[in-house]
Amino acid sequence: MIFKKVHVYLYQGSVAFFYFLFWPFLYYFSRKPSRYVYMNRLRRAWGFVSSFMVGISYSFEFEQPIDWNKTYIVCANHTSNLDITAMSLLVKSNCCFMGKQELLDGLVTGLFFRSVDIPVNRESKIASFRAFKLAMERLENNVTMIIFPEATIPDSYPPHLHAFKNGPFRLAIEQKVPIIPVTSLNTWRVLWDNGLEHGSKPGVCNIFVHSPIETAHLTLDDADALRDKVHSIINNKFEG
């Protein structure tokens with residue numbers, strides 16, 4: 001446990017070091033939406049190198065090849081801060097995250113959620129509506145959306161899959177965008193949540209990418225069924 005506690009501080013230090021090293025470039029790219037694609041590329045590099053320096057890597061297994069020239073909504077389970085890096089590395093096209101409003105105040109996450117990413121204030125229906133309108137605009141502009149439909153990292157340890165919010169599935173149906181379910185199999189074993197409680201360790205984070213689910217033939221009446229289908233796909237793989 002002492003090693004795990006030391007390791008998590010080494011990881012956090014690595015994240016902070018490379019963030020501040022890349023910050024001038026990240027800041028420049030964050031100033032205009034036309035530069036967000038380069039901000040995403042730098043985010044991938046930052047995530048990869050900050051993990052690699054402390055012995056953390058990512059392995060992706062695909063049920064079928066993904067055409068990243070298309071636009072998707074990527075829905076993944078969420079058990080670790082490493083899931084964010086994993087999704088950044090997974091999506092090869094221009095993308096953005098949708099996450100909770102509190103991420104605006106984060107030292108590292110704030111720059112992203114004031115620019116490329118979309119914060120959601122779930123306590124306000126008006127703010128939530130504006131966030132989803134912005135998400136619709138991004139999808140219309142061929143920006144892939146990454147959403148953790150559990151909305152947060154659940155408190156349970158060892159983790160199990162919690163209920164999904166409806167928003168991503170209504171959004172996918174309204175925009176006729178395929179959903180890619182993604183199962184983060186063991187990131188929690190490397191680093192659970194932010195790592196402060198159980199520490200972290202070097203290891204390989206295994207990510208399973210399921211086949212895209214088409215939504216063009218669906219209506220909003222199918223949103224709950226689509227949500228349950230994606231939940232079942234991820235849960236069966238995660239628990240298996």
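Buried is under 20% relative accessible area, exposed is over 50%, and partly exposed is in between (1.4 Å probe, protein chains only). Helices (H or I, at least four residues) and strands (E, at least two) are DSSP runs numbered from the N terminus.

This is a predicted model, where local features need pLDDT of at least 70 and side-chain atom pairs count only at pLDDT 80 or more, while totals for chains, interfaces and linings use all residues. Residues are numbered from 1 along each chain as its sequence is written, and side-chain values use heavy atoms, with hydrogens and water left out.

Next, I checked Val-182. Leaving out residues up to four places away in sequence, its contacts (heavy atoms within 4.5 Å) include Met-87, Leu-90, Phe-208 and Ile-234.

Then the rings. I get 14 aromatic pairs, counting Phe, Tyr and Trp (its six-membered ring) with centres within 6.5 Å; planes under 30 degrees apart are stacked, over 60 edge-to-face, the rest tilted. Tyr-157 and Trp-188 are edge-to-face, because their centres are 5.7 Å apart and their planes at 80°. Tyr-157 is partly exposed at 40% relative accessible area, whereas Trp-188 is buried at 11%. Last entry: Tyr-19, Phe-20, Trp-46 and Phe-112 form one aromatic cluster, and Phe-20 lies in helix H1.
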